[in-house]
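Subject: Structure handover

Hello,

Please find the structure below. My notes on it follow.

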Amino acid sequence: ELDRTEFDERDLEKLRKNDAEGELWLRLFIRSRQGDLEKAYKTLIESLKWRKQSKIRDVKLENWLADNTKKEILEGEGILFYHNTDKKDNPILIFQGNKYEYKKEDNKEQVLEDLFAYLLEKQHQQRMGKQIMVICDHQNATLEHIDLKFFKFVVNLFNIYYPNILDSFLVVGVSWRVSSAWRNIQKWLSPDTSPKFKFVEQAQLTDYVDKSNLLVSLGGQDKYKYKFPHEEETQHPFEPSVNETGSSNDLDTQSPFEDAIEHSDDKIESIIPEELPPESVTLTTTSMGSSMATMQLRRRKGRDSQQSSIEEISSLDEESQPELTISPSEEITFQETVDAKEVRETLTLKNICGNKVIFKIKTNSAANFRVKPSMGALEPGSTQTVVVMLLLKGEATQEKHHWNKDKFLILYAEPQDEITSETSIHDVWKHTPKSSTREYKLNCRVLDVNGLEKRPKTIDDAIEMNIKLQRQMSQLQSKMENFTDPLQHIQEQLHQQRSFLVAVSIAFVILLSLMFWFR
C-alpha cells in the first residue's frame, strides 16, 4: 500500500478536489501513456514521489544566492534561461550546452538539474497544460559538453515528471564528434517524447521561431544578453514568456467561406410555413450616405415570444426598416441516424421589407454540405425554405474534422437592377457591390446517432472515455456498497424463514405420525 508521507499534501489536495485543474493534470499523464490507465497511474505515483523528495514546490531562487555555486550559475553568462516564444507562442527555454563543460564543473551538475526542474515547474504552475520549446545549443560542442547523467535527468523530467509539457526539443549543431552520445540519449526517450527531439542546423531554426525572436548566436536578430538580476525592460530569464496576443483561431482565418454547392435533387419542394419558428433572427438595414448599411439582430425568445437584443453590429437608425428574417437564428443542428448517408435540415428566409432582396449562401465546409437553393430572390413578404444537406462520408475521411467550426454565411442585398423571371441571380451577384452587401453567420452543430456532440477522434476522446468510465465504476461500486447491508439483511431473513419452515415441516410430519400411530 502507498504511504501518504511519500507525497506532498498540496499535490494530493489538487488531485483530490477533482476540479478542472486536477482533471487536466490527470489527463496529461493519461495522454502521455496513450490512454493506458495502469501505466499512467504508475507514472503519476513516481512523479508525485519525486515532487515530495525534490521539494520542487518550495524552491525559491532568492535563497540560492546564499550558495556560491548556485549564485555563480545565476549570475554567470547564462547556461539555462527562458527567452521569447516560438511560432506557436510556446515559451522558449534555451540551454546553452556549449558553455557547460561538466568534467571541469562537476559541482554545477546538481544545480543545473534543480534549475531545469524549477523552470519547468514555473510553467506547470502558471500555465498547466501549455507546452514549451527547448533549444539546446550544441554548436562547436565536444564530448566534454555532454553530461549523460544530466541529460538522463532531463529526459526523466519530460518522460515522467512533467508529461506533455514539451512541444519540441531542438538540438542545434550536433557534430559527428558528439553524435554517438546523442544516440545513447535517444534510447531513453519514451514513445511519446521521442518524436519531439529533433536535430537541426542553425538555418532550420527559422522554421520554428521567427528570426526576430532568435538570439544572434542562433542565427537570429535578437541581441539579448543574459543578465541576472535582469533589467526591468527585459524578460525575466526564469519566467516563461507569454505572448498575450496569441495566434488567431478565428474560423475565417483558417477556413475561408466559399459558395455553397447546390445539390440536384429535383424532388425537394419549397415548403412555405404559415409562421416563423420561435427562434428567428431579424436583420435590418438603412441607407447611410451612398451605401452604408447598419444591422441589428433581434431574436424572438422561445415560448414566451419575448424579444431581446442579441448583438448590435453597428449603429441603428431610428427609421430603419426590417429587411430579412432567418430561422433558426443562431445554429443549425444535424443529427445522424443509423445507416444514413445524409442528414437534411432547413433554413427559412423571409423578406419583410417593401423591396425585393437577393440572397446567397456560402460555407467554410463546402465538401461536407449541399444546399438548395444556394441563391435566389425574395419578393416583399415572401418566404423561401432552403434545404441544407449534410453528407455523411466514410468515417476515416472525417474522423479529424472539426464539426463545431463549420459555419454558413448568408449574404443578402437589394438588387441594383430590375429582376425578371429570365434574370440570372448569379449574374446579379457578380454586379452587386460589396459595400451594399450585408451578411449573417450561422453556426453548425452535428450530433452523432447517440445525440452526442460529434468531434474529431483524437487521443483526448480515449482519455475522456477512460475518465468517464472511472467515474461510472466508482459510482457503481458506491451503489453496490449501499446495497450490501440490505441484501445481507434479506438473506438473513430468508435463512431464518427457511429454518422456520423446516422446523414446521418436521413438526407437521411428527404430528401426522403420532395421529396415525394412535389411530
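Buried here means under 20% relative accessible area, exposed means over 50%, and partly exposed is in between (1.4 Å probe, protein chains only). The model is predicted, so local features need pLDDT of at least 70 and side-chain atom pairs count only at pLDDT 80 or more, while totals for chains, interfaces and linings use all residues. Residues are numbered from 1 along each chain as its sequence is written, and side-chain values use heavy atoms, with hydrogens and water left out.

Helices (H or I, at least four residues) and strands (E, at least two) are DSSP runs, numbered from the N terminus.

Glu 113 belongs to helix α6 (residues 109-126). Glu 113 counts as buried because its relative accessibility is 6%. Leaving aside residues up to four places away in sequence, Glu 113 touches Lys 149, Phe 150 and Phe 153; contact means heavy atoms within 4.5 Å.

Next, the strands. In strand β17 (residues 407-413), six of the seven residues are buried. Two strands pair if DSSP finds at least two bridges between them. Strand β13 (residues 357-363) runs antiparallel to β17 and is joined to it by six bridges; Lys 360 has Leu 411 in β17 as its bridge partner. β17 also pairs with strand β18 (residues 438-447), again antiparallel and over six bridges. There, Tyr 412 stands opposite Arg 438 in β18.

Finally, Ile 506 lies in helix α12 (residues 459-518). Ile 506 is partly exposed because its relative accessible area is 47%.

Regards
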